[in-house]
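Here is my note for you, written as a few numbered points. Keep the model open and find each residue as you read.

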Amino acid sequence: MNPPPAEAATPRPPRRRAHTRARLIAAASELFLTVGFARTSIEDVCAAAGYTRGAFYSNFSGKEDLLLALFDDQAAARIAELEELAAACEALAPQERARRLVGALLRVEPAETGWILLFLEFRLVAARSEALAEQVAAHDRAVARALADVLLRTLPGLVPAGAGAEQAAAVILAAREGLLARTAAGGAAAGELLAATEAVLSGLLGS
């Protein structure tokens with residue numbers, strides 16, 4: 001990987017830096033989802049966002065760092081949705097709260113299929129790099145902690161507190177990712193597997 005240009009070290013005002021970062025992320029999101037991670041270069045992202053490589057390296061250490069930032073944003077948005085759901089379900093019975101939570105976790109809008117494929121592609125890239133694999137693992141742990149908080153708030157007394165909640169969240173996220181990988185193409189078989197997984201997880205969490 002080429003070192004960042006010298007101009008990357010020039011400090012930028014926080015507001016301008018945030019704007020630049022947001023535009024780079026938006027441009028990268030469209031490119032990654034359209035042509036994939038491997039076929040998108042830093043130069044492609046810079047050209048789409050209208051910035052130089054110096055601007056890129058003042059915000060990200062590389063293409064992998066940029067994609068992890070995208071995944072962080074996606075995960076934060078989904079956790080926020082689950083937190084809203086948890087607040088709206090407080091008056092419901094545990095079984096119904098579990099059913100709704102699992103349904104929200106497994107729900108995939110058509111526009112999200114590209115994100116599933118992109119994350120699977122990046123998993124394979126990270127598997128060949130110990131340092132990158134640890135960064136992905138850190139992302140996974142952070143998402144699991146956030147989901148554990150939602151589980152404890154939505155299903156108090158049914159989910160073990162402390163490390164147990166994080167372990168449950170990690171297992172659910174791993175199952176979700178595997179399920180989404182197997183159902184990305186859609187079809188009747190995908191629908192049947194999704195329904196079966198939703199029933200099993202709802203039963204485990206609501207019991």
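The points below cover ring pairs, charged pairs and one threonine.

1. First, some ground rules. This is a predicted model, in which local features need pLDDT of at least 70 and side-chain atom pairs count only at pLDDT 80 or more, while totals for chains, interfaces and linings use all residues. Residues are numbered from 1 along each chain as its sequence is written, and side-chain values use heavy atoms, with hydrogens and water left out.

2. Let's start with the rings. The structure holds seven aromatic pairs (rings of Phe, Tyr and Trp, the last by its six-membered ring, with centres within 6.5 Å; planes under 30 degrees apart are stacked, over 60 edge-to-face, the rest tilted). In one of them, the centres of Phe-56 and Tyr-57 are 5.3 Å apart and the planes meet at 85°, so this pair is edge-to-face. Phe-56 has a relative accessible area of 0% and is buried (buried means under 20%, exposed over 50%, partly exposed in between, with a 1.4 Å probe and protein chains only).

3. Now look at Phe-71 and Phe-119, an edge-to-face pair with 4.4 Å from centre to centre and 65° between the planes. Phe-71 belongs to helix 4 (residues 63-88) and Phe-119 to helix 6 (residues 113-126), so the pair ties together parts that are 48 residues apart in sequence. Helices here are DSSP runs (H or I, at least four residues), numbered from the N terminus.

4. Next come the charges. There are eight salt bridges in the structure (a side-chain nitrogen of Lys or Arg within 4 Å of a carboxyl oxygen of Asp or Glu). Arg-153 and Glu-83 form one of them, at 3.9 Å from N to O. Because Arg-153 is in helix 7 and Glu-83 in helix 4, this bridge ties together parts 70 residues apart in sequence. Glu-81 also bridges to Arg-78, with the closest N and O atoms 3.3 Å apart; both lie in helix 4, three residues apart, about one turn of the helix.

5. Finally, is Thr-154 buried or exposed? At 3% relative accessibility, Thr-154 counts as buried. This residue is in helix 7 (residues 130-154). Leaving aside residues up to four places away in sequence, Thr-154 touches Ala-86, Arg-97 and Leu-101 (contact means heavy atoms within 4.5 Å).

How values were computed: Helix = DSSP H or I, 4+ residues; strand = E, 2+ residues; numbered from the N terminus.
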